[in-house]
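Have the structure open while you read.

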Amino acid sequence: MDLSKREINRYSRHLLLPEVGLEGQSRLKKAKVLCVGTGGLGSPLALYLAAAGVGRLGLVDNDVVDYSNLQRQVIHHTADIGKPKITSAAEKLRNLNPDIEIVEHETMLTAENAFDICARYDIVADGTDNFSTRYLINDVCVLLGKPNVHASIFRFEGQASVFYAKEGPCYRCLYPEPPPPGEIPGCAEGGVLGVLPGLLGVVQATEVIKRILGIGDPLVGRLLMFDALGMRTSELRIEKDPDCPLCGTSPSITGLQDYQVFCGALAPGGGTRAEIAAGEAAVRLGRSGDVLLLDVREPHEWDICRIAGAVHVPLGELAARCRDLDPAKDIIVYCLMGARGRKALEILERQGFHRVWNLRGGLRAWIAEVDGTLPLY
């Protein structure tokens, strides 16, 4: 028997299900699952996989716990502030289930290490919050022939699917190209209802467990969409694209690429658009009255805090209000973290403004490097 007396007791409610039983629980014990991210999605995902008895659970993360995580990343506690997320998560998972193996990969998943890390696991679960890593996970899973259990969240809405090229479409079949940088803000800039990633992370855990057990109807070829405000779900069928450059009949993508460049976060040479560091921006603002500081955040963010002397024009209104700005002045644009600032930079350049810089790291960098009296949100 593959299960000990203690394990039989621990998983007894699984063993009572004919669809699971001893054989299914043994499959869970032998399974190897990689969770990329231990944040909002990764927290419930990893907790439920550990509780279910997945034998080897790999974690990938290189971030640290801060106060803003605690509203939704339920695997981390107040006492964990400042700890590496992967250390915090691993502690909770080992306390929850000491009978399983937790493997810590304290790193960012990159094109250089993705093959080596993902090849060690049967299933990869994508709990990330950025497009460059989503495309990386998709591509490495297709090239390795592994299922990619995916979820994403945006404010009050979420999506989940299983991308498995052997049985259906991949992520590129649904999204051939990433959105322009800054068009879809992440949680750190756009906000998110705290319970939403919990719901979607549980969906991911369910799909992983079903895949291991070989039961039920998986989300392959289906995109589950959830609207928390309306408490409604809907479903979109996804067809495999025969012209997909990765999983189609004549693939042109046969290896990994620079996903920061592919998603527009970096220029092909590795550089960024015109940016200025917070310290340099403070010096320029202090010595010249001809520098305009432009805040492109939303009105409710402006109410929380702002840099003294800034002019407020929300990003969505910027194109229509460019004529109110003086093109002869140097303009330093800022948002919360920098992504919307880059979008504002493009809008201003198209309108004939050529002396424009984006504050690198946005308001958060300003608070960290220049004015720590402002509240961090």
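Five strands make an open sheet in the order β9-β13-β12-β10-β11, with parallel pairing. (Strands are DSSP E runs of at least two residues and helices are H or I runs of at least four, both numbered from the N terminus; two strands pair if DSSP finds at least two bridges between them.) β9 (275-276) and β11 (311-312) sit at the edges with a single partner strand each, so one side of each has no neighbour in the sheet.

This is a predicted model, where local features need pLDDT of at least 70 and side-chain atom pairs count only at pLDDT 80 or more, while totals for chains, interfaces and linings use all residues. Residues are numbered from 1 along each chain as its sequence is written, and side-chain values use heavy atoms, leaving out hydrogens and water.

**Inside the five-stranded sheet**

- Helix α15 (residues 339-350) packs on this sheet and touches β9, β10, β12 and β13 (contact means heavy atoms within 4.5 Å), its direction making about 170 degrees with that of β13.
- Angles here run from 0 to 180 degrees between N-to-C directions, with axes fitted to C-alpha atoms, for helices over the stretch in contact.
- β12 (residues 330-334) has five of its five residues buried, so the strand is largely enclosed by the rest of the structure; buried means under 20% relative accessible area, exposed over 50%, and partly exposed in between (1.4 Å probe, protein chains only).
- D330, I332 and Y334 point one way from β12, while I331 and V333 point the other way.
- Five bridges join β10 (residues 291-295) to β12 in parallel, and L294 has V333 as its bridge partner there.
- On to β13 (residues 356-359): three bridges link this strand to β12, again parallel, with V333 opposite N358.
- Two bridges tie β10 to β11, running parallel, and L294 stands opposite V311.

**The eight-stranded sheet**

- Eight strands form an open sheet with mixed pairing, in the order β3-β2-β1-β4-β5-β6-β7-β8.
- β3 (101-105) and β8 (232-237) are the edge strands, each with a single partner, so one side of each is left without a neighbour in the sheet.
- The twist averages 15 degrees from one strand to the next.
- β7 (residues 222-227) and β8 run antiparallel, joined by six bridges, and F226 faces T233 across that pair.
- Helix α7 (residues 131-144) lies across β1, β4, β5 and β6, at about 165 degrees to β5.

**At the surface**

- L229 lies in the loop between β7 and β8 and counts as exposed at 64% relative accessibility.
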